[in-house]
Amino acid sequence: MKSGNLELAQSPHISSRLTSEKLKLLFILSLVPVIIASVYFFGFYSLLIILSSTISASLTELIIQRFFLKSKLGIRPGTVITGLLLGLILPSTVPLWIPAIGSCFAIAIAKYAFGVGNNIFNPALVGRAFLVASWPVLMTSWAADAVTSATPLAFSKLNSFSSLVQAHGSKLALYKSLFIGNVSGSIGETSALAIIISAIFLLYAGVIDWRIPSAYVASSFILSFILGQDPVFHLLSGSLLFAAVFMATDYMSSPLTKSGRIIFGLCCGILTILIRIYAGAPEGVTYAILLMNALVPLIDRFTVPKPFGWMRK
Amino acid sequence: MFSSFVGGINPEYKKLTSGSPIEQAKIPERIFLPLKQHIGAPCTPLIKKGDKVMIGQKIADSKEPVSAPIHSPVSGIVEEIKLMPSQFGHDIISIIIRPSGDEHEFKKSGNPNLSRHSIIHAVREAGIVGLGGAMFPAYLKLSIAKDKAIDTVVLNGCECEPYITADDALMQHNAHEIIEGLRLIMRAVDARRAIIGIEDNKKNAIRSMQKEISDENIRIVTLKTRYPQGAEKTLIYSLLKRKVPSGSLPQDIGVVCNNVATAKAIYDAVYLNKPLIERIVTVAGDVKQPKNLLVRIGTPVKSLINDCGSYSSAPKRVIAGGPMMGIALQDDNMPLIKGTNCILVQSSPVYVSNLPSECIRCSKCVDACPVNLIPIAIASFSEKNNFEAAKSVYAMDCYECGACAYACPQKIALVEYIRRAKNEIRKS
């Protein structure tokens, strides 16, 4: 067989079947336990919130593609993921235009203005930060069982941790509620159980790397303990677990190097706890991660490892 | 058992021929011998057109130290000596021999001289090169500098690439010769112990090799199957927990590493006076019957494919070597050379060809690299022609194993860009 019939190509000649498309689809699949939990605890309205967010994200993308980029129209799985994630970190009481506008902002600014495939900041978190800054009251109207109630973090910060424990009966009862998800909070963040199931799936499928979630959880646990707070409470409350698994692990906005990922996770955890305890807001996850997103290029630059066998000359 | 090195990937191994017997490949109508089947200076012919040659006769050699002579794998007539295209992209002068059919067997001769010097001389004269694929002249590897001492010989029975079962088959059927060859290597470098590393997906090979070992100074270590376990530096680390420093050789840390097939070739050279004229090759992929073949060096690849029932569907790529590091051939009439352990046919190859700018920063390349590099960083700098920056992120330490490109979900041509950077850095 002469040349021309045979292809010339460089090695390697095989490649993993885990393509970017598959990774994104697996990630969307991993959100199912969390979405189910959101419906279970907050009703079918949760689905409407998520739908509003996702549809708005996709529409925004199509409009940008058609009128601004003048490129081929196509809904990217990454956009759907941003839509889903943003929906999941909203309170259950928001009117449906909140997720719509938030998503639109997330896609237009955090994704496309930075250049799609080049976003420095986690788009869903940017959307949320924008919403919180613009409509702070709507974005902090929490409910549980259709009754307005403060989140455990907010309650604990406003009153005291012991009064929160009292309200639940015992520490164990508090932990149980936090673990199952029977508390108020964003529709996706409350159920630690659902998030852990998703995390196991994501780790097993090779979608996320263990370093960022582990470092995030470890540093949060240890720092909250050192600062005299209940570490289990901090781990299970707010959006810490949700963010450690779904947000901080966003490929584009997290470091490339192995030690960089550990540092990133550790710092996210430290900042989260510090903001929770010492800053004005009861939850610190959004700003912790966005701050660390900004430092990623620096982290990458300073954590380039020495090659195997490198010797100091 | 955990993987004994950091990084690496686990592709589908598809070792369909691991239980297959070794079949004799048909002697082709013509044997083509490029004058360079080794790292180093090409040989010059010692015969001319029209000469009769005997099987095992040395027909080309070089006076340069980094070289290896070439022997005729058949008895026959030299038909022509001319420039021919090679799998490396450039033309190489090749000797074309027409086999005449008469051959003699190589038999065990008396008591060979087993002094260090004799062994090394025999290895050189037999034209033995690293048969794992690197094709480094074996005698040079055994010629240890006076100021260095070797304490351990490592024998590489890993065969970590998918599809290839040539070493597996050799270990199952020729374990005695391999171990004897290993003892010769130990004598040549004056090492007191040896470790044989074999991956755990070759249970029969391990068993058959274990039967041949009775001394305490040779032992087999079973390693968890992972690519690239069989890479020299990775293997030495896994077995001895010693790191070969960047830019250094294993002998600098007291180790010599050889492939099992090289060990067997050394046995043949010393005990049978048989030069390197044939080797085991796995023919795999889209051929009707994948096989392990015992092939005369210089046999056209097409002949081997025909021995396997020919193509099962129209081939797109014919690869000399494994799927991770093999070279795609322009023409299936090219000959099989000393270092090729596999011919892999692909009729629906996977395209790994995107630009580094398509990167989604998933870090899978970083996690796959066995050398602790940031492949996408090197490739991105290379794409932008910034070779100084590529050098600063240790491009030269890459050994092009392909694990990064395998893992990349965007199918970025990482190795291609890193190779480009390495070539440019070498030039400057």
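**Before you look.** This is a predicted model, in which local features need pLDDT of at least 70 and side-chain atom pairs count only at pLDDT 80 or more, while totals for chains, interfaces and linings use all residues. Residues are numbered from 1 along each chain as its sequence is written, chains are lettered from A and ligands numbered from 1 in the order in which they are written, and side-chain values use heavy atoms, leaving out hydrogens and water.

View 1. Look for 13 helices and 17 strands in chain B; helices (H or I, at least four residues) and strands (E, at least two) are DSSP runs, numbered from the N terminus. Its C-alpha atoms fill a box of roughly 60 × 50 × 45 Å along the principal axes. Of the 428 residues in chain B, 62% are buried, where buried means under 20% relative accessible area, exposed over 50%, and partly exposed in between (1.4 Å probe, protein chains only).

**View 2. Zoom in on Cys369(B).** You will find Cys369(B) in the loop between helix H9 (364-368) and helix H10 (375-383) of chain B. Cys369(B) counts as buried because its relative accessibility is 7%. Leaving aside residues up to four places away in sequence, Cys369(B) touches Val6(B), Gly7(B), Gly8(B) and Pro375(B); contact means heavy atoms within 4.5 Å.

**View 3. Now turn to chain A.** Here the secondary structure comes to 15 helices and two strands. The C-alpha atoms of chain A fill a box of roughly 80 × 55 × 30 Å, taken along the principal axes. Buried residues make up 53% of the 313 in chain A. The accessible surface of chain A comes to about 13,900 Å², and 71% of that belongs to carbon and sulfur atoms.

**View 4. See where the two chains meet.** Here 61 residues of chain B are in contact with 42 residues of chain A. About 4,500 Å² is buried between the two chains, with 55% given by carbon and sulfur atoms; buried area is the accessible area (1.4 Å probe) that two parts lose on being put together, summed over both. On the chain B side, Gln330(B), Arg361(B) and Tyr394(B) lose the most area to chain A, together 15% of what that side buries.

How values were computed: Areas by Shrake-Rupley, 256 points an atom, 1.4 Å probe, with all protein chains shown as cover.
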